[in-house]
Amino acid sequence: MRKLVLSAIVAAGLTAVGGTAQASGGGEPLMKPGFSWEGVFGRYDKGELKRGFEVFHQVCSNCHGLRLVAYRNLAAVGLDQEEIKTVAAERELPDAPNDEGMVSPRPGRPSDKYIDPFPNEKAAASANGGAAPPDLSLMAKARVGGPNYVYSLMLGFVENPPADHPIPEGKYFNTYFPGNAISMPPQLMEDLVTYADGTKATPEQMAKDITAFLNWAAEPELDERKSMGLKVMIFLLVFTAMLYALKRQIWKNIH
Amino acid sequence: MSGFQTNNKVVSWLDQRLPIFSMMQHSAIDYPTPRNLNYWWNFGSLAGFVLVIMILTGVVLVMNYASHTSMAFDSVERIMRDVNYGWLIRYLHMNGASMFFILVYIHIFRNLYYGSYKSPREVLWWIGIVIYLAMMATGFLGYVLPWGQMSFWGATVITNLFSAFPIVGEPIVTWLWGGFSVDNPTLSRFFSLHYLLPFVIFGLVVLHVWALHTVKSNNPLGVEIKTPADAIPFHPYYTIKDLFGIGVFLMFYLAFVFWAPNFFGEPDNYIPANPMVTPPHIVPEWYYLPFYAILRAFTTDIWIISAKLQGVVAMFGAILILFALPWLDTSKVRSARFRPLYRQFFWLFLIDCLILGYVGGKPAEGILITVGQIATAYYFFHFLVLMPVLGRIEKPKPLPASISAPVLKEKAHA
């Protein structure tokens with residue numbers, strides 16, 4: 001057993017090397033509010049996902065795309081079929097050519113991926129001071145710190161940047177953004193949205209909800225993954241214990 | 001140790017024409033194995049187990065992957081989102097690569113500690129190094145396939161290493177790329193080779209096991225099997241021990257798959273590849289980091305030999321030097337248990353490799369440059385100076401007469 005412990009330590013040492021490679025980034029240490037889906041038993045909070053969707057739909061989606069998520073996937077955040085159809089139909093995309101070869105726009109369907117707010121990246125950049133707002137499908141795992149980064153960034157705006165750190169015209173100071181000068185203006189004002197479930201829309205509340213929604217968008221399989229993991233691990237514990245007993249039995253005359 | 005016998009006429013008929021049952025009996029059941037192998041000897045079979053997992057999950061992934069720059073990233077995301085259990089298959093494959101390297105590194109360091117590379121196991125050791133090299137190539141090629149930012153820029157940096165060679169360098173790089181930058185031809189050929197190499201590794205593993213069964217396993221005492229009492233049949237003793245090892249390993253592996261699937265990865269690789277935007281800090285996968293540190297340890301051009309060329313040569317040299325280890329090590333004693341000096345330098349060498357790994361993962365600036373240079377110097381010092389000298393000046397402890405001798409002595413005392 002001592003040797004197994006040793007091997008675990010060596011493995012942990014090797015993995016620590018991998019871990020340290022990620023510990024770079026910009027700005028202050030991130031805020032860690034603690035999320036419902038963290039930890040071995042962590043799961044998404046359905047209410048949080050729904051509220052997060054409301055913030056995304058009413059605010060973020062005006063500039064940001066979510067191109068890897070299909071409208072039908074929104075059932076997982078608590079939208080019913082009618083609501084999904086309504087959300088999908090809010091934007092249009094070019095239909096397949098008709099019998100005369102004419103292409104006309106059609107409203108989105110539940111089977112479509114989230115339709116981008118801008119027709120292309122150039123249009124997105126030109127409408128936003130030269131910097132195209134990034135797609136948010138994978139944002140919660142495409143930055144060091146993941147959801148903690150998203151949460152911190154949402155709350156990291158400072159109205160009066162430090163005097164020794166001038167911010168260019170059209171940019172804003174964000175404590176957590178690499179280089180601090182971010183093109184996105186501060187978004188989360190008190191009561192920016194009205195939640196359907198009556199929750200008070202404080203900036204902290206909205207930051208947490210939108211982070212939950214974006215984490216779901218990046219890792220929609222998380223609930224299934226963690227629950228399968230528990231079952232697999234319980235099976236393996238019992239199975240390995242039995243293998244160990246068998247090993248002892250078979251080896252008892254050798255030692 | 002009875003050889004293969006059967007009353008089944010069909011089995012017997014087949015075995016006389018193709019002795020597949022005799023062979024299995026000979027090499028998986030009767031195979032005489034030292035009775036004193038500890039758990040460090042589990043890692044070879046564990047690595048073989050992971051190779052099978054990698055090939056199986058890989059074959060399934062390929063069914064849904066598109067090796068085109070315009071589709072690769074999204075096809076991987078489709079696997080993660082829309083393919084049934086695609087996320088499981090992909091996370092098994094992604095983390096399986098890291099597991100494969102963890103196991104093989106432990107396997108290699110077990111070799112170094114117990115002197116398993118020494119006569120008559122030099123060819124066995126060589127095949128092992130070739131497997132390791134093939135794994136490094138496969139891992140690199142595979143990391144490019146999702147076509148994220150780190151895929152693209154990692155591929156650019158690593159293939160560019162070949163440009164360090166004078167005159168032939170640039171044409172080699174163009175030839176590798178299939179163009180003048182990392183682009184669609186690069187991705188297609190990397191995909192093709194990434195599918196090919198695991199089967200090459202599989203063939204090499206067959207050779208590795210063949211060589212092993214010819215010279216037999218080393219053991220913690222480092223003395224050869226001399227009497228029948230020293231050995232036990234592989235089955236059931238080591239089949240059950242290996243199975244138990246697989247159970248423990250699976251718990252370690254799957255803990256990452258289910259709860260920290262992106263622990264070994266880089267967040268940047270969830271950003272689609274963009275040739276116009278360079279990530280601030282390009283790092284290779286963790287398992288290359290020690291060699292990346294050696295590559296970057298050379299910072300001054302010497303005459304016409306550029307720092308880059310020195311680094312590239314040193315990086316390849318750091319692995320190729322392992323081929324000469326059976327002769328660089330002059331000690332007659334295999335196991336570090338009986339080598340009081342080498343045992344200490346073994347741990348120093350392990351720490352040196354971990355330091356190199358740490359330095360390789362950090363930006364090359366400030367004190368870390370010096371640390372990396374010292375650690376690189378020590379890496380080569382270990383092989384080129386310490387290994388030859390230690391064998392000459394060290395006074396080894398007395399070796400036991402045989403593998404079973406210490407066991408029998410214990411029994412006599414009890």
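Modeller: A salt bridge is counted here when a side-chain nitrogen of Lys or Arg lies within 4 Å of a carboxyl oxygen of Asp or Glu. By that criterion, two salt bridges are found between chain B and chain A in this predicted model. One of them joins the side chains of B:Asp82 and A:Arg72, with an N to O distance of 3.4 Å. On the side of chain B that touches chain A, two or more residues come from each of the helices α4 (72-81), α5 (86-114), α10 (234-259) and α14 (340-360). Of these, α10(B) provides the largest share, 18 residues.

The extent of the contact can be stated in residues and in area. Chain B contributes 57 residues and chain A contributes 52. Interface size is often expressed as the accessible area lost when the parts come together. For chain B and chain A, the area buried between them is about 5,000 Å², and carbon and sulfur atoms account for 72% of it. Within chain B, the residues that lose the most area to chain A are B:Arg81, B:Phe244 and B:Trp259, which together make up 15% of what that side buries.

Chain B also carries a nonpolar surface patch of about 670 Å², with B:Trp13, B:Leu14 and B:Met24 among its residues. Helices α1 (9-17) and α2 (20-29) of chain B each supply at least two residues of this patch, and α2(B) gives the largest share, four residues. B:Met24 lies in helix α2 of chain B and is partly exposed, with a relative accessible area of 44%.

Notes. Residues numbered from 1 in each chain as written. Chains lettered and ligands numbered in written order. Predicted model: local features only at pLDDT ≥ 70, side-chain atom pairs only at ≥ 80, totals over all residues. Heavy atoms only, no water. Patch = residues over 30% accessible without salt bridge, like charges linked within 9 Å, V, L, I, M, F, W, Y side chains within 5 Å. Areas by Shrake-Rupley, 256 points an atom, 1.4 Å probe, with all protein chains shown as cover. Buried < 20%, exposed > 50% of the residue type's maximum accessible area, 1.4 Å probe, protein only. Contact = heavy atoms within 4.5 Å. Buried area = accessible area lost by both parts, 1.4 Å probe.
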